[in-house]
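Look at the model first.

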Amino acid sequence: MGSGPGGGTNGVDYVLKIGSWGMVGYMAKMIGSLEEMGYTRAKNLHAAVYDWRPSPDFLEEFTDFTQRMSDLIEGTYTKNGDKPVILIAHSMGNLHLTRFLNSKSMEWKNKYIMHFYSIVAPWAGTPKTI
């Protein structure tokens, strides 16, 4: 995956193909459920893919992640009649999204963000592998 939000959902619905088993779903069921609720890909349903291996600070300092994420959120807000967006982050994405949100003013967050839902965030780190 690239280092920055691109806005498409193809990078997160299915992550790989394993032989005769077919495609391995990642967010496909959630995306399908959101589409059934009326959300539309590339209009009000986007994914912000990134390389999860570097730290959030690295992405901030050495990539255009923050600018691309800002553009995606602000563009979605505008494209949908100035409606604040709902953010959903999974796993390490929570750390990157929190770093991004901490770089924004409260005024910006109040204008562009309605909710932030966190799914299985490693807020306290990860358990030591045995």
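Glu 35 is partly exposed, because its relative accessible area is 33% (buried is under 20%, exposed over 50%, partly exposed in between, with a 1.4 Å probe and protein chains only). Its partner is Arg 41: the two side chains meet in a salt bridge, 2.7 Å from N to O. A salt bridge here is a side-chain nitrogen of Lys or Arg within 4 Å of a carboxyl oxygen of Asp or Glu. Arg 41 is partly exposed too, at 32%.

This is a predicted model: local features need pLDDT of at least 70, side-chain atom pairs count only at pLDDT 80 or more, and totals for chains, interfaces and linings use all residues. Residues are numbered from 1 along each chain as its sequence is written, and side-chain values use heavy atoms, leaving out hydrogens and water.

**Salt bridges**

The count comes to 5 salt bridges. Three of them are tabulated here.

| Salt bridge | N to O distance | Accessibility of each residue |
|---|---|---|
| Arg 41 and Glu 35 | 2.7 Å | Arg 41 32%, Glu 35 33% |
| Arg 53 and Asp 51 | 2.6 Å | Arg 53 63%, Asp 51 14% |
| Asp 64 and Arg 68 | 4.0 Å | Asp 64 42%, Arg 68 30% |

Arg 53 counts as exposed, whereas Asp 51 counts as buried. Asp 64 is partly exposed, and Arg 68 is partly exposed. Shared partners join Asp 13, Glu 35 and Arg 41 into one salt-bridge network.

**Aromatic contacts**

The structure holds 5 aromatic pairs. Rings of Phe, Tyr and Trp (its six-membered ring) pair if their centres lie within 6.5 Å; planes under 30 degrees apart are stacked, over 60 edge-to-face, and the rest tilted.

Tyr 50 and Phe 65 form an edge-to-face pair, because their planes stand at 75°, with centres 6.4 Å apart. Tyr 50 lies in the loop between α2 and α3 (56-62), and Phe 65 in helix α4, so the pair ties together parts 15 residues apart in sequence. Helices (H or I, at least four residues) and strands (E, at least two) are DSSP runs, numbered from the N terminus. Tyr 50 is buried at 14%. Phe 65 is buried at 6%.

Phe 58 and Phe 62 make a tilted pair, 4.9 Å between centres and 40° between planes. They sit 4 residues apart in helix α3, so about one helical turn separates them. Phe 58 is partly exposed at 38%, while Phe 62 is exposed at 54%.

One aromatic cluster is formed by Tyr 77, Phe 100, Trp 108 and Tyr 112. Lys 104 lies over the face of Trp 108, at 4.9 Å from the ring centre. The rule asks for NZ of Lys or CZ of Arg within 6 Å of the ring centre and within 35 degrees of the ring normal.

**The largest pocket**

Which residues lie closest to the centre of the largest pocket? The pocket holds about 1200 Å³ of space. Its lining counts 39 residues, and His 46, Ala 47, Ala 48, Leu 87 and Ile 88 are the closest to the centre. A pocket is an open set of points on a 1 Å grid where a 1.4 Å probe fits, with protein on both sides within 12 Å along at least five of seven lines; lining residues have an atom within 4 Å of a point.

Helices α2 (28-36), α4 (65-79) and α5 (93-102) and strand β3 (85-90) each supply at least two lining residues. The lining divides into 29 nonpolar, 9 polar and 1 charged.

Key: Points joined across faces, edges and corners; volume = space filled by probe spheres on them. Nonpolar A, V, L, I, M, F, W, Y, C, P; charged D, E, K, R; others polar.
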